[in-house]
Structures are given as C-alpha cells and as structure tokens.
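My notes follow in the order I took them.

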Amino acid sequence: MGRRVSRTTRQERALRITRLQSAIAELESHKNFFSRQGELAPEGAWVARYQVKQPKKVYWYYKLQADKPTFPKTPPVESLSKYKHLGKAGSQDHIDSVMAVVRRTIVSELQKTIDSLKSSLIDVSFDGEQEDI
C-alpha cells in the first residue's frame, strides 16, 4: 500500500521545489554572467609574487602558477610549463590574470552551490529526505 500524503504536505513540497528551481536558475544566471566577463584561469592556477635579487637591488615580479604544466612555453620549445610570467605589479598581464583567477573562483563556487541545490531538488522531488530504517 502507498503512503498517504496530505494535501498541505504536497503543496508545501511543491513550494520548496519551486524555491529550489528559482535559486538554481538565479545562480546559473550569475555563473553565465561571470563566465562571459573574460577568460577563466585554469583550475589549480593562482597568481604568485616572486623576488629576483641582483647586486644591490631587489625586484618583485608576478607569475601565474599552476599545480601541473598548463601554460605553453614560448617557441621554439613546444611544451607546457607550470608558470606564466606576468611582469611587474599592475602590468596588463598581471591584472588580466588576477581577474581570470577571481572569475574562475566565482564560477567554480557557483557551480558547487548549483550542484548542491540540484541534489536537494532531487531529494525533495523524489521524497529522498525521509528514509525508512
């Protein structure tokens, strides 16, 4: 025999499904917005500051660094590197890379949240919130 579900319970569940769908749609919209703003840095990449010491002088530079070889090396070498030199603070490459990392972080976090809400939606839709023990 099937379990009886009251009318109010069905209405309340339908309302929660609608809320979840609305939240997912809003987050998808935000994710698409940030994805369109420019290039996304590769997963596992970050901007790092490093120091070059020369006699009587110290210089600071920036690089985009990844946990695995990702960036094309300059010709004639045709392989990948973990590093991409960005130059001094405020250079166009430096700013572009910082923004690409920020966009990637935002998009990644939005996607994790969307995935979580989709799991919640499945639970609510298919009555997975309650389990008989």
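I take contact to mean heavy atoms within 4.5 Å. Axes are lines fitted to C-alpha atoms, for helices over the stretch in contact, and angles run from 0 to 180 degrees between N-to-C directions. Helices (H or I, at least four residues) and strands (E, at least two) are DSSP runs, numbered from the N terminus.

**Ground rules.** This is a predicted model, where local features need pLDDT of at least 70 and side-chain atom pairs count only at pLDDT 80 or more, while totals for chains, interfaces and linings use all residues. Residues are numbered from 1 along each chain as its sequence is written, and side-chain values use heavy atoms, with hydrogens and water left out.

**Overall layout.** I counted 2 helices and 5 strands in the chain. Their pattern along the sequence is α-β-β-β-β-β-α. The radius of gyration (taken over C-alpha atoms) is 24 Å, well over the 14 Å that the globule rule gives for 133 residues, so the chain is more spread out than a compact globule. That rule is 2.2 Å times the number of residues to the power 0.38. I read spans of about 85 × 30 × 30 Å for the C-alpha trace along its principal axes. I call a residue buried under 20% relative accessible area, exposed over 50% and partly exposed in between (1.4 Å probe, protein chains only). By that cut-off, 23% of the 133 residues are buried.

**The sheet.** I looked up the strand order next. It is β1-β2-β5, an open sheet of 3 strands with antiparallel pairing. Two strands pair if DSSP finds at least two bridges between them. β1 (45-54) and β5 (83-87) each have a single partner strand, so one side of each edge strand has no neighbour in the sheet. On average, neighbouring strands are turned by 35° against each other, direction ignored. I found 10 bridges between β1 and β2 (residues 57-66).

**The helices.** Helix α2 (residues 92-125) lies across β1, β2 and β5. It runs at about 150° to β1. Helix α1 (residues 7-36) has 30 residues and reaches 44 Å from first C-alpha to last. That is close to the 44 Å expected, where the expected span is 1.5 Å times one less than the number of residues. Which residues of α1 are buried? I noted I17, L20, I24, L27 and K31. Their cover includes α2. G38 follows α1, with a positive phi near 155°.

Most residues other than glycine have a negative phi, and most peptide bonds are trans. K56 has a positive phi, near 70°. K56 sits in the loop between β1 and β2. Its relative accessible area is 89%, so K56 is exposed. I also found a cis peptide bond between P75 and P76, with omega about 15°. P76 is in the loop between β3 (71-72) and β4 (80-81).

**One buried glutamine.** Is Q65 buried or exposed? Its relative accessibility is 16%, so Q65 counts as buried. Q65 is in strand β2. Leaving aside neighbours within four places in sequence, I listed its contacts as G44, A45, W46, A48, F71, K82 and Y83.
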